[in-house]
Amino acid sequence: NFKQSLGVSQMCFIIHSKCILLRYTQPGQQVHKICFGRWEEGRSQDGKKWKTLEHKGPLFPPEYEPLPQDVSFYYNGKPLRLSIVAEEVATFYAKMLDHEYTSKEIFQKNFFTDWREEMTAEERDLICEFSKCDFGEMHRYFVEQSEKKKDMSKEEKEVLKEETKKLTEEYGYCLLDGHKEKIGNFRVEPPGLFRGRGEHPKMGKLKKRILPEDIIINCSNDSKTPEPPKGHKWKEVRHDDTVTWLASWVENVQGSIKYIMLNPSSKLKGEKDWQKYEIARKLKLKVETIRKEYERDWKSKEMKKRQKGVAVYFIDKLALRAGNEKEEGETADTVGCCSLRVEHITLHKELDGQECVVEFDFLGKDSIRYYNKVPVDKRVFKNLKLFMENKNPEDDLFDRINTTYLNKTLNNSMTGLTAKVFRTYNASTTLQEQLSKLTSRMWHAEKLLSYNRANRAVAILCNHQRTAPKTFEKSMQNLQQKIELKQKQLDEAKAELKKAKSDYRESKTEKLKRLVEQKEKMVKRLQEQLKKLQLQMTDREENKVIALGTSKLNYLDPRISVAWCKKFDVPIEKIYNKTQRDKFAWAIDMTNEDFEF
């Protein structure tokens, strides 16, 4: 009836665990989509995220098991039996002994300071110098335990797998508005040593064990409240239906709040993602107006407006984070756009053949260094000189504005607009442009290389870096050996083909003709295999210090990637793994190859 009333030529239902999507085509090949079911179900306009929420609470890590009697910590060359609490903290360091972190002075200093606080008075009197501590025997014990775990029989591994599965079934799901939803991180992080990113000043500090008394539980009022472990009680039980977290606590190193949230594939997460990228797409229609607005601000008589105009320009053109104020010494000296200091930029009237160049050098999020030389508009350059006048290196560059003011003015320009939305818009736009530029009807492996290069352009824009993996050199050597072996096989195959062709010219039998065809196919197959290995090597080398995952999961509209896959016949599995496909199920279900951000 529906088809007849609308004159629909093609119509199909796509049934997914999170929604039912109806796609139909009207005359003129215009495609329409109606999404109903759980993505749209019960959407609240009053800020409420759910009606009922029930879960089992978080899963706590096991209690500490003391070391065997024959495994000791040594101090000044002598074995020393530590108290249980001190021993547990010592094992955190021993397990990391072969990691580069433990070679860093700040890591050693922070660890030793926090470790001494966990010792008994007698232990503190005795263990006074870190240089006299020997964790070698403890480290060897943990290496042996790790090797034993690797050497477990198939049956033993299956038992562990079943135990993990049972725990996931019990703690890994909740009931949200009557639907069974997967929980993302239902395990409380075990105690250990803080690592941080980059040269974090708090690396090596003790992350203390989280107890039920530290945890706030969130569930619906009429549901069964999760039972805390025996002998314990929760810090608080809340019934806040305006948030989506199930449990929260404050970690001790940086004082940040940790949450147990729904899995990215859940209805609420999917809806939130969808809305996030739709806001970024709306910016596409407004961005030119906003750019004209901040360009007008560069000439304002009010210094506050000038600073805002230049800051928004940096956020737009360089995808800088807005930056948040921090208490003195609270975390690493990381900054964003609004918290840039005079010492973080250098102005060059001319550099490398370009005019009005700004040289940035500062620590961004996660202590990742941001270093960039960028030619800017002459008015921006002139304003920066003005902002830096009569200031010391440690003074704020933008001393009249902060992130709250900046985001408020952005929201006035477009509802929902923040610095992060700008970042999402520019990242997604860059991916769309790069894919259009780099991809053609090429060989499959070349398409994937093009995709990674487009993704890499976004990661560079957003300053998503990583340290090269410890196994990088080894894996590259292995790949080089495979290439050399494949090249040898190809050379041999070419020689065999040459001989087969020579034999066929002398005696044109059907048998020799088939042999030539076989050898030609072999050469072609080996050439493709060699090319694939060479492309892999190029891809790995280019990705050595670039983190592609952050932008792919947080800043790039997944519909761009899905549409690209469909347009160029690339399996979606080559771009997104199983977890990522679950997270972006909404995009996979409703995107066709014609989608553009």
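Q: Where is Lys 521 found in this predicted model?
A: Lys 521 sits in helix H14, which covers residues 510-542.

Q: Is Lys 521 buried or exposed?
A: The general idea is a cut-off: a residue counts as exposed when its relative accessible area is over 50%. Lys 521 has a relative accessible area of 59%, so it is exposed.

Q: How far apart are Lys 521 and Ala 493 in sequence and in space?
A: Sequence separation and spatial distance are read as two numbers. For this pair they are 28 residues along the sequence and 9.9 Å from C-alpha to C-alpha.

Q: What share of the contacts in the chain join residues at least 24 apart?
A: Taking contacts between residues at least 6 apart in sequence, 65% join residues at least 24 apart.

Q: How many helices and strands does the chain have, and what share of its residues is buried?
A: There are 18 helices and 18 strands. Of the 597 residues in the chain, 42% are buried. The accessible surface of the chain is about 33800 Å², and carbon and sulfur atoms account for 48% of that surface.

Q: Which residues form a positive surface patch?
A: For a patch of this kind, like charges are joined within 9 Å, and each residue needs over 30% relative accessible area and no salt bridge. Here the positive patch consists of Lys 292, Arg 296, Lys 299, Arg 379 and Lys 382. Two or more of its residues come from each of helix H7 (267-297) and helix H9 (378-388). Lys 292 belongs to helix H7. With a relative accessible area of 53%, Lys 292 is exposed.

Q: Which residues form a negative surface patch?
A: Glu 155, Glu 156, Glu 158 and Glu 162 form one. Glu 156 is in helix H6, residues 154-171. Glu 156 is partly exposed because its relative accessible area is 43%.

Q: Where does Ala 319 lie, and is it buried or exposed?
A: Ala 319 is in the loop between helix H8 (303-318) and strand E16 (345-351). Its phi is positive, about 55°, although Ala 319 is not a glycine. Buried means under 20% relative accessible area. Ala 319 has 3% relative accessibility and therefore counts as buried.

Conventions
Residues numbered from 1 in each chain as written. Predicted model: local features only at pLDDT ≥ 70, side-chain atom pairs only at ≥ 80, totals over all residues. Heavy atoms only, no water. Patch = residues over 30% accessible without salt bridge, like charges linked within 9 Å, V, L, I, M, F, W, Y side chains within 5 Å. Areas by Shrake-Rupley, 256 points an atom, 1.4 Å probe, with all protein chains shown as cover. Salt bridge = Lys/Arg side-chain N within 4 Å of Asp/Glu carboxyl O. Lys, Arg positive; Asp, Glu negative; His and termini not counted. Charge placed at Lys NZ, Arg CZ, Asp CG, Glu CD. Helix = DSSP H or I, 4+ residues; strand = E, 2+ residues; numbered from the N terminus. Buried < 20%, exposed > 50% of the residue type's maximum accessible area, 1.4 Å probe, protein only. Contact = heavy atoms within 4.5 Å.
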